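This report describes a single protein chain, moving from its aromatic pairs to its sheets and its nonpolar cores. Please keep the sequence and the coordinates in view while reading.

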Amino acid sequence: MGYLGIIVGGNNILVRNNIINNVTLVKSDGGAIYVSGVTNQEQSNRIIEYNIISNAIGNKDGTTALYNEGHGIYPDGYANNVIIRNNTIFNSAWAGIFLGLHSHDIEVTNNTLYDNYTNIYNNTD
């Protein structure tokens with residue numbers, strides 16, 4: 001996939017039992033499962049579970065980025081009320097799970113993370 005695998009927006013979302021391989025091949029700063037957020041807006045009941053994610057490569061070509069930013073699961077800025085559990089994520093260029101700036105109320109439990117540059121990156125404030 002050139003960029004994002006699955007985009008999660010809105011409420012009452014269940015992302016379960018997916019196998020996602022080779023994402024962010026042409027763009028960077030993305031993920032296999034991308035969770036959007038909106039400033040000053042509460043979301044609810046967003047669950048990401050039992051997925052297998054591999055090879056979030058990231059591609060910084062044509063940018064000023066210093067490194068490739070490919071993430072497995074990526075709740076972006078202001079994402080909230082997300083449960084991330086029982087996923088397997090490996091070989092991400094940057095983070096297996098990347099918690100974006102101002103994201104909050106995100107529960108991360110019982111995930112298997114390996115061979116990522118960093119397994120969990122917490123960029124929240």
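## Aromatic pairs

Two rings of Phe, Tyr or Trp, the last represented by its six-membered ring, are taken as a pair if their centres lie within 6.5 Å, and the pair is called stacked when the planes are under 30 degrees apart, edge-to-face when they are over 60, and tilted otherwise. The model examined here is a predicted one, and by that criterion the structure holds 6 aromatic pairs. The rings of Tyr74 and Phe98 have centres 5.0 Å apart and planes at 80°, which is over the 60 degree limit, so this pair is edge-to-face. Distant parts of the chain are linked by the pair, since Tyr74 belongs to strand E7 (residues 70–75) and Phe98 to strand E10, 24 residues apart.

Which geometry does the pair of Phe98 and Tyr121 adopt, stacked or edge-to-face? The ring centres of Phe98 and Tyr121 lie 5.2 Å apart with the planes at 15°, so the pair is stacked. Because Phe98 lies in strand E10 and Tyr121 in strand E13 (residues 118–122), the pair ties together parts of the chain that are 23 residues apart in sequence. One aromatic cluster is formed by Tyr34, Tyr74, Trp94, Phe98, Tyr117 and Tyr121. A ring is also involved in a contact with a charge, as Lys27 lies over the face of Tyr3 at 4.4 Å from the ring centre.

## Two open parallel sheets

Strands of a sheet pair through backbone hydrogen bonds, in either a parallel or an antiparallel sense. An open sheet of 4 strands runs in the order E3-E6-E9-E12 with parallel pairing. Its edges are strand E3 (19–23) and strand E12 (112–114), each of which has a single partner strand, so one side of each is left without a neighbour in the sheet. Neighbouring strands of this sheet are turned by 10° against each other on average, with direction ignored. Between E3 and strand E6 (residues 52–56) the parallel pairing extends over 4 bridges, and Val23 stands opposite Ala56 in E6.

A further open sheet of 4 strands has the order E2-E5-E8-E11, again with parallel pairing. Here strand E2 (13–16) and strand E11 (104–109) stand at the edges with a single partner strand each, so one side of each has no neighbour in the sheet. From one strand to the next, the twist averages 10°. E2 and strand E5 (residues 46–49) pair in the parallel sense over 4 bridges, with Val15 standing opposite Ile48 in E5.

Is strand E4 mostly covered or mostly exposed? E4 is mostly covered, with 6 of its 6 residues buried. Parallel pairing joins E4 to strand E1 (residues 6–8) over 3 bridges, and the bridge partner of Val8 in E4 is Val35. E4 also pairs in the parallel sense with E7, over 5 bridges, and in that pairing Gly31 stands opposite His71 in E7.

The largest nonpolar core has 18 residues, of which Ile33, Ile48, Ile53, Ile73 and Ile97 touch the most other members. Two or more residues are given to this core by each of E3, strand E4 (30–35), E6, strand E8 (80–85) and strand E10 (95–99), and the largest share, 3 residues, comes from E4. Leaving out residues up to four places away in sequence, Ile48 touches Val15, Ile33, Val35, Ile73, Val82, Ile83, Ile84, Arg85 and Asn87.

## The surroundings of Phe90

Phe90 is found in strand E9 (residues 88–90) and is partly exposed, with a relative accessible area of 23%. Although Phe90 and Leu113 are 23 residues apart in sequence, their C-alpha atoms are 5.8 Å apart in space. Neighbours within four places in sequence aside, Phe90 is in contact with Ile52, Ile53, Ser54, Asn55, Tyr114, Asp115 and Asn116.

How values were computed: Residues numbered from 1 in each chain as written. Predicted model: local features only at pLDDT ≥ 70, side-chain atom pairs only at ≥ 80, totals over all residues. Heavy atoms only, no water. Pairing = 2+ DSSP bridges. Axes fitted to C-alpha atoms, helices over the stretch in contact; angles between N-to-C directions. Core = buried A, V, L, I, M, F, W, Y, C linked by side-chain atoms within 4.5 Å. Buried < 20%, exposed > 50% of the residue type's maximum accessible area, 1.4 Å probe, protein only. Contact = heavy atoms within 4.5 Å. Lys NZ or Arg CZ within 6 Å of the ring centre and 35° of its normal.
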